[in-house]
Amino acid sequence: MKTKATAISTALAALAVLCAMFATSASAAPAWKFEGKSLEGSEVILGAAIDSQLTIPGMTTKCANFLYKVTIKNEAGTGKGEVTELPLYECTTNSEVCSVGKIGAEKLPWASKLTTVSSSPYIIIEGIKVGIIYTGEECAVDGTLVTVTGTAGGLISNVTETATFDAASFTATGTSLKAMSTKIEWKGVFPTEAFEWKREQAISVS
Amino acid sequence: MVPPAKSTSAGLCLALVLAVLLLAGCGGGDDPEGQSAGASTASSSAQAQGEANAAPAKSEKKEGERSSPKASRQPAAAAKGGGKQGPPIAQPTGAREPEPTPADIANATVADMTLTSPSLPPGSGEAAPLSRTYTCDGEGKWPALSWSGVPADSAELILYAMNLAPVGGKLFVDWAVAGIDPALTGIEAGKLPKGVAVGTNSYGKRGYEICPEGTEIHIFAIYALPRPLSPPPGFDARELRRRILDVSGNVGLYPVTYTRG
């Protein structure tokens with residue numbers, strides 16, 4: 001009996017150590033927080049680009065206003081979400097002959113998740129699909145529906161409550177967007193805030 | 001009576017281990033309260049300020065609707081406290097862009113085919129650098145091209161090379177080849193399949209020429225048409241392109257870049 005009791009206690013002690021290790025690693029998983037507290041349930045956040053543009057080789061498409069609406073939640077301590085809307089306003093190109101005829105997000109919602117790279121929090125948006133129909137009689141892609149697809153990783157700043165998508169954030173997260181079989185560049189700085197229950201509260205990720 | 005004593009010992013051991021488990025926070029997951037407690041020590045002044053300022057009325061009302069009064073005061077224990085700190089979200093101005101409708105997509109030339117060149121290095125995913133060989137600085141021949149994703153009901157394939165930037169405000173066509181069999185999946189460098197028709201480019205020549213001024217991006221395009229246009233050799237490449245867009249087929253696009261001089 002003594003041997004059995006010792007075995008049980010040893011096993012439980014080992015389990016305790018494992019649990020402690022698990023608890024440590026789990027707490028490192030980034031989660032959505034408001035006023036420093038983990039989000040319970042779900043919340044809707046809005047991001048609106050201060051400046052955003054995507055560059056298909058040879059042509060930059062820029063939108064005066066570029067918003068995203070994401071429903072967020074924490075699952076097993078990790079931040080998840082779904083991009084449900086992506087309205088775009090006043091989009092133009094830097095080409096003298098190409099205009100944006102129509103542009104819009106396709107196949108919403110897009111899944112999103114939080115991750116940590118080199119101690120910095122990132123949001124990764126998966127399954128992105130944006131269709132752009134360019135117009136212009138002298139435009140090389142006149143009447144052509146160009147689709148931007150892929151995954152985008154953006155660096156989250158808890159200080160400024162912004163998500164920044166640029167070449168560095170794409171490299172850090174190993175993500176990319178493509179159009180015309182070619183990697184494209186997307187830059188955007190998005191101040192983000194809660195839109196429903198947690199309005200006016202500080203939003204952070206850790 | 002010895003065995004019961006041993007059982008008691010085992011029970012004490014079990015209780016001890018359970019206590020260890022609880023202290024270790026077994027069960028995983030985030031422990032916001034614990035973190036908040038830690039942060040509250042570090043930022044007690046921020047908490048006090050957060051309490052003094054309180055959340056905006058709109059926020060308090062929302063929180064009150066959802067949480068207990070105690071929970072609504074929890075920002076006092078927050079890591080940041082004091083409410084939102086980031087820049088406000090700008091209200092959109094101007095008109096929202098119209099999204100492509102199914103009818104728009106049906107009428108558009110859809111860029112869903114893949115076009116690449118085995119002659120050119122894959123590069124880093126950016127526009128592929130066009131080798132000198134395939135410009136007026138070299139042999140002036142077209143690179144090998146391969147494509148996929150041709151719709152099954154395609155009647156004709158037409159190849160184009162165009163300058164992505166207009167020249168004199170006009171689309172500049174470097175090369176146009178019509179009458180390509182939809183069953184083909186590529187062409188060799190400098191060679192064309194039999195029976196095709198080569199158009200007149202923007203240089204006024206019946207052939208291929210890419211001769212940039214400085215750095216330019218040119219785009220190869222393979223159009224798959226649901227009905228044949230079958231233009232005669234020497235066709236006007238710019239005029240044919242208008243007809244191609246009217247047919248609303250599919251296209252594969254492949255941008256390349258070259259710096260001259």
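Visitor: What makes Phe190(A) count as buried?

Guide: This is a predicted model, and the values are computed from it. Buried means under 20% relative accessible area. Phe190(A) has 0% relative accessibility, so Phe190(A) counts as buried.

Visitor: Why is the pair of Phe165(A) and Phe190(A) called edge-to-face?

Guide: A pair of aromatic rings is described by the distance of the centres and the angle of the planes. Ring centres must lie within 6.5 Å to pair, and planes over 60 degrees apart count as edge-to-face. The centres of Phe165(A) and Phe190(A) are 5.8 Å apart and the planes stand at 90 degrees, so the pair is edge-to-face. Phe165(A) is in strand β12 of chain A and Phe190(A) is in strand β14, 25 residues apart. Phe165(A) has 1% relative accessibility, so Phe165(A) counts as buried too.

Visitor: Over all chains, how many aromatic pairs are there?

Guide: The count comes to 12. Among them is the pair of Phe66(A) and Phe190(A), with 5.5 Å from centre to centre and 80 degrees between the planes. That pair is edge-to-face as well.

Visitor: Which residues form one aromatic cluster with Phe190(A)?

Guide: The cluster consists of Phe66(A), Tyr68(A), Phe165(A), Trp186(A) and Phe190(A).

Visitor: How do you know whether Thr192(A) is buried or exposed?

Guide: The cut-off for buried is under 20%. Thr192(A) has 6% relative accessibility, so Thr192(A) counts as buried. Thr192(A) lies in strand β14 (residues 182-194) of chain A. Residues that Thr192(A) touches include Ile45(A), Leu46(A), Tyr68(A), Glu161(A) and Ile203(A), and also Lys84(B) and Ile89(B).

Visitor: What makes the link between the side chains of Thr192(A) and Tyr68(A) a polar contact?

Guide: A polar contact is a pair of N or O atoms within 3.5 Å, one able to donate a hydrogen and the other to accept it. The side chains of Thr192(A) and Tyr68(A) make such a contact at 3.3 Å. The side chain of Thr192(A) also reaches the backbone oxygen of Phe190(A), at 3.1 Å.

Visitor: What kind of peptide bond joins Leu108(A) and Pro109(A)?

Guide: A cis peptide bond, with omega about 0 degrees. Pro109(A) is in the loop between β8 (99-105) and β9 (110-117) of chain A.

Visitor: What makes β1(A) and β2(A) a pair of strands?

Guide: Two strands pair if there are at least two bridges between them. Two bridges join β1 (residues 32-34) of chain A to β2(A), and the strands run antiparallel. Phe34(A) stands opposite Lys37(A) in β2(A).

Visitor: Now for chain B. How do you know that the buried residues of α7(B) are on the same side?

Guide: The buried residues in α7 (residues 237-247) of chain B are Ala237(B), Leu240(B), Arg241(B), Ile244(B), Leu245(B) and Val247(B). They cover an arc of only 150 degrees around the axis, so they are on the same side of α7(B). An α-helix has 3.6 residues a turn, so residues three or four places apart point the same way.

Visitor: What covers the buried residues of α7(B)?

Guide: The cover includes α6 (102-107), β1 (109-116), β4 (156-167), β5 (170-180) and β8 (215-225) of chain B.

Visitor: What is found at the start of α7(B), and what follows α7(B)?

Guide: At the start, a side-chain oxygen of Asp236(B) reaches to within 2.9 Å of the backbone nitrogen of Arg238(B). Ser248(B) follows α7(B), and phi of Ser248(B) is positive, near 55 degrees.

Technical notes: Residues numbered from 1 in each chain as written. Chains lettered and ligands numbered in written order. Predicted model: local features only at pLDDT ≥ 70, side-chain atom pairs only at ≥ 80, totals over all residues. Heavy atoms only, no water. Helix = DSSP H or I, 4+ residues; strand = E, 2+ residues; numbered from the N terminus. Buried < 20%, exposed > 50% of the residue type's maximum accessible area, 1.4 Å probe, protein only. Contact = heavy atoms within 4.5 Å. Arc of directions from axis to C-beta. Phe/Tyr/Trp six-rings, centres within 6.5 Å; stacked < 30°, edge-to-face > 60°.
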